[in-house]
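Dear colleague,

My notes on what was found in it follow directly after.

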Amino acid sequence: MLNVCSITKTFVTRPVLRGVDLDVPEGQAVCLCGINGAGKSTLLRVVAGLLRPDSGSVTINGHNIRSDPEKAKRQIGMISHASMAYPELTVLENLVFAARLYGVPDRMERIEELLTGAGLMSYRHDRAAILSRGLLQRLAIARALLHRPTLLLADEPFTGLDGDSSERLLAIFDQFVRDGGTILMTTHDTRLGLRCCRRVAVLDKGSLIFDAMKEKIDPDRFADDYLSYARGMS
Amino acid sequence: MRRLLFALAIALLIASTWIGLTQGQIVPVQRNILYAHVPNSVCALLCFVVLLAASIGYLATGRQGWDLVAAASAEAGFVFATILNATGMLFSRAEWNVWWTPSPRLVTSAILWFLYAVYLILRVSLPGSRHRNPRICAVFGIIAFLDVPLVFISARFIPDIHRPNFSFDSAWQTAALMLGMAGTAVLAAALIWLRTSLLRSRLKLEEELLQ
Amino acid sequence: MNDLGKGNPEFRICDFWLGLRAIIVKDIVVELRARQVLPTMVVLGMLIVFILRMASESALTGGAGPVLGAAALWVAFLFSGLLAQERSFASEQQNGCIDGLLLAPLDPGTIYLAKLLANVIMLTIFEVVVVPIVVVSFNLHVTGGWLHLAAVLLLGNLGISSVGTLFSAAVQLTRTRGSLLSIVVLVILMPMMIPATFALLVLFGAMSGQTQTLASVQGSGALAFVGSFRAAVGYMLAFDAIFVVASWLLFEFMIYD
């Protein structure tokens, strides 16, 4: 359902992505690992349509993100380091705004559903400026799932979350995959990543050097030092 | 090939000056600055057209070559615009005893200079990605070009009491003027060409340094 | 949450209006709550008028009032207008909100139009406060009618906002100094200032002679203009149309990396 084809991207003179290919079928959760600067966030942003690659294409369920952005973007929900929430607006207002941007038909019911699911009901009239990191993350997830996307992109979603919030997030991801959604996430915390993802890939210096299903790898050795594991394998 | 162009340009300019100062001298003598003024004004506009074409080319294709041509033509155009305004002010002082007055031609020349100046400042001041800055400059190049005819028309709201109203009454003068225009145009082309390749080689050097 | 993909209708025209309105409303609510830019704009405008009034004290005899008043009005408008433009993308800088806009299935042109209209509204609020102050300070008589004045100011507003919104995206999102935006907008807007000042002078009753709204007027000295009020307004209209359309088309090149 997601086809990433030969993506190259260079920033000034530094090549960040060198011909990355990735195919993700529907209902699969992929965990993308790599050290800082390997290009994980860049790749995710290219898939989301936020960054234009120098060459290559991204297709989501047959819709090319550049030539057919409206249909392609409707299927994407994204969580990144930033919450994309306006600090002056309340939780509810932020979600209403996002719902309007995506043209969600049953706006208020859907928002209520997500507020309850994310445990934000009691905070819905609080301004985003006063929310803690964990609550902001929950708001970001609610926002990402608002328009019922089929592909969820998560850029280091577990960063800065305590154990409880991480478990809650994992539960949401699991439910999403059970409902037939596809996930592409990047993370440093490989143990958490391995818990919800069936497939792991390693990005090193802009190239995909490792790509395997969870069953085929040794999870403990991988979690300890995925880079040398991946380099050893390839 | 480029040296030929430069040689041709200089030859034409020398010819134009020589004819202008001997056979085609305009009376009174200070009006001869027109031989410098008019070709420069044409060239300043020509460079702007090149800037527009290069900007559109860059936005359409994303190839860096277009961006370099835009930068080069902006620099050349800036030089021509400066000479244009300077000679214009000298002429205006000699002819009507004022250094500057908001007459349509002078206003257009001034704004042309400002547009080039802002373009050059944008090129230098914008930090960031390799792709966004040339794009921003290219967009400004297009918007700035749209501004030029608007300047011309808006200046019509000012009474043009200083319209130069003489004509060239000898073939020598026309010849000198034409040669001057041709010379300056060729000079402009050669300058843009030279500057583009200078920019290209500097960019290559910087890239190699960073590798 | 088990109805994935079913809530994805095909793109409808009303989605465009929904998105447009959503962004405009959001911008205004955020600004009203942050209460940063609007007060600054108004105070800056008032200060500029005040300074120009004090600086021109000696020149105010002999009918120079309208000329200085018109100049003060446009200068205040331009500089406060620049503040408004800067804020339009400053609010998107925090928390990566600009990504939120770019992720949505919205045409970049829609984002531009929404931001443009939000800026126009901000500047109009500014107008309502500062224009009466100018009229009072310079002792102007709006003989041409307040409606005509509002129309001319709206056209000026659109002009500033059109180019300002376009380049504000560039300047804000590349984290440069705001003064860069100032020189870009001012240089592009220069030509519009001539007919704009002329229109104001006609409305303030400074142009001698015939009926001021339609006929050709020709002043002299400090009021040296030719042309008719209609021509001036027509020019401003054309200027706005050209730059709004051009900016709308070129906007997507500014916001994508």
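**The sheet of chain A**

In this predicted model, chain A holds an open sheet of six strands with mixed pairing, in the order β6-β7-β8-β3-β9-β10. At the edges stand β6 and β10 (residues 207-213) of chain A, each with a single partner strand, so one side of each has no neighbour in the sheet. Direction ignored, neighbouring strands of this sheet are turned against each other by 15 degrees on average.

Within the sheet, β3 (residues 29-33) and β8 (residues 182-186) of chain A pair in the parallel sense, over four bridges. In that pairing, A:Cys31 is placed opposite A:Met185 of β8(A). Helix α5 (residues 133-145) of chain A packs on the sheet, where it touches β6 and β7 (151-155) of chain A. The direction of this helix makes about 170 degrees with that of β6(A).

**Chain A as a whole**

The secondary structure of chain A amounts to nine helices and 10 strands. Its radius of gyration is 18 Å, close to the 17 Å that the globule rule gives for 234 residues, so chain A is as compact as a globular protein of that length. Along the principal axes, the C-alpha atoms of chain A fill a box of roughly 50 × 40 × 35 Å. Of the 234 residues, 51% count as buried. Among contacts in chain A with a separation of 6 or more, 68% join residues 24 or more positions apart.

**Contacts between chains**

The contact between chains A and C takes 37 residues from chain A and 32 residues from chain C. On the side of chain A, the elements giving two or more residues are α2 (69-74), β6 (76-79) and α3 (91-102). The largest share of that side, five residues, comes from α3(A). By class, the side of chain A that touches chain C has 19 nonpolar, 10 polar and eight charged residues.

Chains B and C also meet through a pair of helices. The axes of α5 (residues 132-154) of chain B and α8 (residues 229-255) of chain C come within 10 Å and cross at roughly 170 degrees. As this angle is over 145 degrees, α5(B) is roughly antiparallel to α8(C). Residues making the contact include B:Ile136, B:Val139, B:Ile143 and B:Leu150 of α5(B), and C:Phe239, C:Ile242, C:Leu250 and C:Phe253 of α8(C). By class, this helix contact has 14 nonpolar, one polar and one charged residues.

With kind regards

Notes:
Residues are numbered from 1 along each chain as its sequence is written. Chains are lettered from A and ligands numbered from 1 in the order in which they are written. This is a predicted model: local features need pLDDT of at least 70, side-chain atom pairs count only at pLDDT 80 or more; totals for chains, interfaces and linings use all residues. Two residues are in contact if their C-beta atoms, placed from the backbone, lie within 7 Å. Ala, Val, Leu, Ile, Met, Phe, Trp, Tyr, Cys and Pro count as nonpolar, Asp, Glu, Lys and Arg as charged, and the others, Gly among them, as polar. The radius of gyration is taken over C-alpha atoms; the globule rule is 2.2 Å times the number of residues to the power 0.38. A residue is buried if 20 or more other C-beta atoms lie within 10 Å of its own, exposed if 12 or fewer, and partly exposed in between; C-beta atoms are placed from the backbone. Two strands pair if DSSP finds at least two bridges between them. Axes are lines fitted to C-alpha atoms, for helices over the stretch in contact, and angles run from 0 to 180 degrees between N-to-C directions. Angles under 35 degrees count as roughly parallel, over 145 as roughly antiparallel, 65 to 115 as roughly perpendicular and the rest as oblique.
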